[in-house]
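Welcome, and thanks for taking a look at this chain with us.

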Amino acid sequence: MRILLTNDDGIHAEGLASLERIARTLSDDVWVVAPEQDQSGYAHSLSISEPLRLRTVGEKHYAVRGTPTDCVIMGTKKILPGPPDLILSGVNSGANIADDVTYSGTVAGAMEGALLGIRSIAVSQAYSYVGEDRVVPYETTEALAPALLKRLIATPLPEGVLLNVNFPNCTPDEIEGTVVTSQGKLVHSLWVDERRDGRGLPYYWLRFGREPVEGKKGTDLHALRNRLVSVTPLQLDLTAHELRDQLTKALS
């Protein structure tokens with residue numbers, strides 16, 4: 001089985017090294033094509049106005065000056081000797097659940113794989129802070145992902161479907177199980193933080209400020225808060241099918 005790895009945290013991210021160790025429990029034919037720099041929050045964007053620069057980092061390891069989507073396209077269309085059988089995107093530093101899925105470059109890497117007709121799985125690990133330092137328990141993902149991925153790979157998926165897997169912020173022995181979930185709903189709270197540069201001119205940072213939300217049972221939010229691994233099937237078809245008849249009547 002040929003496996004292509006990518007991420008949105010960048011080629012040197014700790015989570016990508018973790019994902020490679022996981023992938024090597026599944027196959028010896030593992031390729032890494034990841035962004036040169038951090039591309040978090042770039043979602044499913046393409047670099048169509050700038051050239052893509054490619055750098056060889058090591059054997060079967062490549063860095064692309066572009067987005068996760070660019071990396072998957074470069075990997076499948078240019079770098080690998082043939083299409084991969086599996087695309088794994090991650091391990092992201094932080095959960096990709098609820099509305100954040102729409103912003104996620106990690107999920108977008110798997111989304112592009114699904115568009116190309118390749119089985120694709122996004123993998124993310126929730127974290128906490130100790131003081132100002134982010135503490136990501138990658139050991140949880142590494143301990144549990146190999147067995148879980150083997151089961152997911154063996155499960156047939158319809159065309160246009162990818163899997164979004166999230167591990168809760170706890171140690172492996174604290175995990176309560178694995179559940180299949182739906183996307184939860186967050187209170188949207190992106191803040192615009194205005195600051196001043198050295199000349200007194202304004203500039204702005206977008207930053208997150210989450211409101212407390214009680215995730216409904218069956219959602220990815222609820223799963224992670226209850227120390228459950230969340231597996232969410234996502235589909236490329238964004239059509240709200242239940243509204244088609246209603247809109248047809250309204251326009252007739």
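A residue is called buried when its relative accessible area is under 20%. Please keep in mind that this is a predicted model. With that cut-off, helix α2 (residues 68-79) has nine of its 12 residues buried, so it is largely enclosed by the rest of the structure. The buried ones are P68, T69, D70, C71, V72, M74, G75, T76 and I79. C71 is counted here because its relative accessibility is 0%. Around these residues pack the strands β1 (2-6), β2 (29-35), β3 (54-58), β4 (61-64) and β5 (86-93), along with helix α3 (105-115).

Helix α1 spans residues 14-23, and A23 belongs to it. Where does A23 stand, buried or exposed? A23 is buried, because its relative accessibility is 0%. Leaving out residues up to four places away in sequence, A23 touches I3, L5, V30 and L88.

Beyond its neighbours within four places in sequence, the contacts of E20 are L5, V30, V32 and H61.

## Charged pairs

Side chains of opposite charge can pair when their charged atoms come close. The model has 10 salt bridges. One of them joins D29 and K60, with an N to O distance of 3.2 Å. This pair links distant parts of the chain, 31 residues apart: D29 sits in strand β2 and K60 in the loop between β3 and β4. K60 is partly exposed, at 23% relative accessibility. Together with R2, D29 and K60 are linked in a network of salt bridges.

Another bridge brings K185 and D99 together, their closest N and O atoms being 3.6 Å apart. This pair also links distant parts of the chain, 86 residues apart, with K185 in the loop between β10 (177-180) and β11 and D99 in the loop between β5 and α3. K185 is exposed at 59% relative accessibility, while D99 is partly exposed at 22%. D193 and R195 form a salt bridge as well, with closest N and O atoms 3.2 Å apart. R195 has a relative accessibility of 38% and counts as partly exposed.

## A nonpolar surface patch

Which residues make the nonpolar surface patch of about 630 Å²? They are Y103, L190, V192, Y204, L206 and F208. Strands β11 (190-196) and β12 (202-208) each supply at least two of the patch residues. With three residues, β12 gives the most, and Y204 is placed in that strand.

## Cysteines and the record

The disulfide count is zero. C170 is buried, with a relative accessible area of 6%.

An unreviewed UniProt entry places the feature "domain: Survival protein SurE-like phosphatase/nucleotidase" at residues 3-185. Over those residues the chain is 27% helix and 28% strand, with its end C-alpha atoms 32 Å apart.

Note on methods
Residues numbered from 1 in each chain as written. Predicted model: local features only at pLDDT ≥ 70, side-chain atom pairs only at ≥ 80, totals over all residues. Heavy atoms only, no water. Patch = residues over 30% accessible without salt bridge, like charges linked within 9 Å, V, L, I, M, F, W, Y side chains within 5 Å. Areas by Shrake-Rupley, 256 points an atom, 1.4 Å probe, with all protein chains shown as cover. Salt bridge = Lys/Arg side-chain N within 4 Å of Asp/Glu carboxyl O. Helix = DSSP H or I, 4+ residues; strand = E, 2+ residues; numbered from the N terminus. Buried < 20%, exposed > 50% of the residue type's maximum accessible area, 1.4 Å probe, protein only. Contact = heavy atoms within 4.5 Å. Disulfide = S-S within 2.5 Å. UniProt positions renumbered as here; feature names shortened; annotations may be inferred.
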